Amino acid sequence: MTVDASPVFRGLTPMLRTRDLDAAIAFYLDRLGFALQRRSDADGWASLRRDGIELMLATPNAHAGFTAPSFTGSLYIRLDDAAAVDRLWATLEGKVRACYAPETFHYGMREFGVYDADGYLLQFGAPA
């Protein structure tokens, strides 16, 4: 009998680099309603959570520097429905730097995109 020794992936938690930990934390708490779970000023690190989403923020260190956002994709956060997309947009419009306003796309999703305090692209969407 062969036993599958492959590890089981249990989750994915993005870690985003930031030059200003306070500003990054404030963006996620004040604009998006995340809660601060843990913070270590000595390590330049914080863990945030909202609903089923976990996110870590970290300042440059010996393992990873920071000159600009180096993540070339986006963080796509799924919401319950199209109405939730519009409600969230209403709370953020004019308070964040927008990439694009809510739009219903031909592939059946209603989405919008904003940039966080460091320029990372956050997209929010739900089936239209």
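Student: Which residues does R110 touch, leaving out residues up to four places away in sequence?

Tutor: A contact means that heavy atoms lie within 4.5 Å of each other. For R110, with residues up to four places away in sequence not counted, the list is A82, V85, D86, P102, E103, T104, F124, G125, A126 and A128. Before we go on: this is a predicted model, where local features need pLDDT of at least 70, side-chain atom pairs count only at pLDDT 80 or more, and totals for chains, interfaces and linings use all residues. Residues are numbered from 1 along each chain as its sequence is written, and side-chain values use heavy atoms, with hydrogens and water left out.

Student: Is R110 buried or exposed?

Tutor: With a 1.4 Å probe and protein chains only, buried means under 20% relative accessible area, exposed means over 50%, and partly exposed is in between. R110 has 18% relative accessibility, so it counts as buried.

Student: Which side chains make polar contacts with the side chain of R110?

Tutor: A polar contact is a pair of N or O atoms within 3.5 Å; within protein, one must be able to donate a hydrogen and the other to accept it, and residues adjacent in sequence count only if both atoms are side-chain atoms. The side chain of R110 has such a contact with that of D86, at 2.9 Å, and another with that of T104, at 3.0 Å.

Student: Where does R110 lie?

Tutor: Helices (H or I, at least four residues) and strands (E, at least two) are DSSP runs, numbered from the N terminus. R110 lies in strand β7. The protein has two helices and eight strands, following the pattern β-α-β-β-β-β-α-β-β-β along the sequence.

Student: How many bridges join β6 to β7?

Tutor: Five, and the two strands run antiparallel. You can trace the pairing: Y100 has G113 as its bridge partner in β7, and A98 has V114. Four residues sit between the strands of this hairpin, where G108 takes a positive phi near 90°.

Student: Which residues touch the most other members of the largest nonpolar core?

Tutor: In soluble globular proteins, nonpolar side chains tend to be buried together. A nonpolar core is a set of buried Ala, Val, Leu, Ile, Met, Phe, Trp, Tyr and Cys residues joined through side-chain atoms within 4.5 Å. The largest one here has 25 residues, and Y28, L32, L57, F112, L122 and F124 touch the most other members. Five of its residues come from α1, the largest share. As for Y28, its contacts beyond four places in sequence include L16, L48, L57 and L122.

Student: And T59: is T59 buried or exposed?

Tutor: T59 has a relative accessible area of 17%, and is therefore buried. T59 lies in the loop between β4 and β5, and beyond four places in sequence it touches R17, T18, R19, L21, D43 and G44. Over the whole protein, 38% of the 128 residues count as buried.

How values were computed:
Pairing = 2+ DSSP bridges.
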